[in-house]
Amino acid sequence: MKTALRRMKLEKLKYTKLSAEFKLVSVVVLFSLFILLFPVFLRQTNVGNFPPGDDVYLYVRYADDILNNKYDRFDELSYSGRNVVLFDLWPSILALFSRIFNVDLYLSSKILSLMLGILALIIFYFIMRKLNLDLKISALSSIILILAPGFFYLFLVLNKYTIPVFIGM
């Protein structure tokens, strides 16, 4: 009888720990969502729908060519025209996401960058937990990661390093 009670108590403690961890992960994800969306809202109100950086315009133009079936591997707008020899996955992903969810290409670039940033943060948190670090230390290190300028810029501005860093996590 005592072992059954002890087992029930351990099960209850286990579920309490899981719910506490879920709440903490939820708070960290909501904080990171706020941190990543804040500059987007500021830019939207002050500048308009124009994303920061140069790569976004190139990827959106290529994705628009893919959507309109005009992608012929020749770039007319760059220095009197040149062949596109670099294969990049972003234009195809942007075109696919835009077609599936029926959203603007600029909006899809913002959503994809934000989703990859949140997923990278969650993966980082669970890597920290897998290393048997304390719950608070894992959450604090995730918050420090989201505030790091490199991570912040990488998942705020669409560039060619976003997917490799995400896959490398």
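This report describes the nonpolar core, a surface patch and a few individual residues of the structure above.

The model is predicted, so local features are taken from residues with pLDDT of at least 70 and side-chain atom pairs from pLDDT 80 or more, while totals for chains, interfaces and linings use all residues. Residues are numbered from 1 along each chain as its sequence is written, and side-chain values use heavy atoms, without hydrogens or water.

**The core**

A nonpolar core is a set of buried Ala, Val, Leu, Ile, Met, Phe, Trp, Tyr and Cys residues joined through side-chain atoms within 4.5 Å, where buried means under 20% relative accessible area, exposed means over 50%, and partly exposed lies in between (1.4 Å probe, protein chains only). The largest such core has 33 residues, and W90, L94 and F151 have the most contacts inside it. At least two residues each come from α1 (2-46), α2 (55-67), α3 (90-101), α4, α5, α6 (149-154) and α7 (162-168), and α4 gives the most, with ten residues. These helices are DSSP runs (H or I, at least four residues; strands are E, at least two), numbered from the N terminus. Leaving out residues up to four places away in sequence, L94 touches Y59, V60, A63, L105, S108, S109, L112 and L158, a contact being heavy atoms within 4.5 Å.

S138 lies in helix α5 and counts as buried because its relative accessibility is 0%. Beyond neighbours within four places in sequence, S138 is in contact with Y125, M128, R129 and L133. A139 is also found in helix α5, and with residues up to four places away left out, A139 touches L24, V28 and Y125. The C-alpha atoms of A139 and R129 are 9.3 Å apart, although these residues are ten apart in sequence.

**Loops and surface**

The loop between α4 (105-130) and α5 (135-147) holds L131 as well as N132, whereas N102 is found in the loop between α3 and α4. Most residues other than glycine have a negative phi, but phi is positive, near 55°, in N102 and near 60° in N132.

| Residue | Relative accessible area | State |
|---|---|---|
| L131 | 57% | exposed |
| N102 | 72% | exposed |
| N132 | 69% | exposed |
| A139 | 6% | buried |

On the surface, I123, I127, L131, L133, I137, Y161, V165 and M169 form a nonpolar patch with about 660 Å² of accessible area together.

Note on methods:
Patch = residues over 30% accessible without salt bridge, like charges linked within 9 Å, V, L, I, M, F, W, Y side chains within 5 Å. Areas by Shrake-Rupley, 256 points an atom, 1.4 Å probe, with all protein chains shown as cover. Salt bridge = Lys/Arg side-chain N within 4 Å of Asp/Glu carboxyl O.
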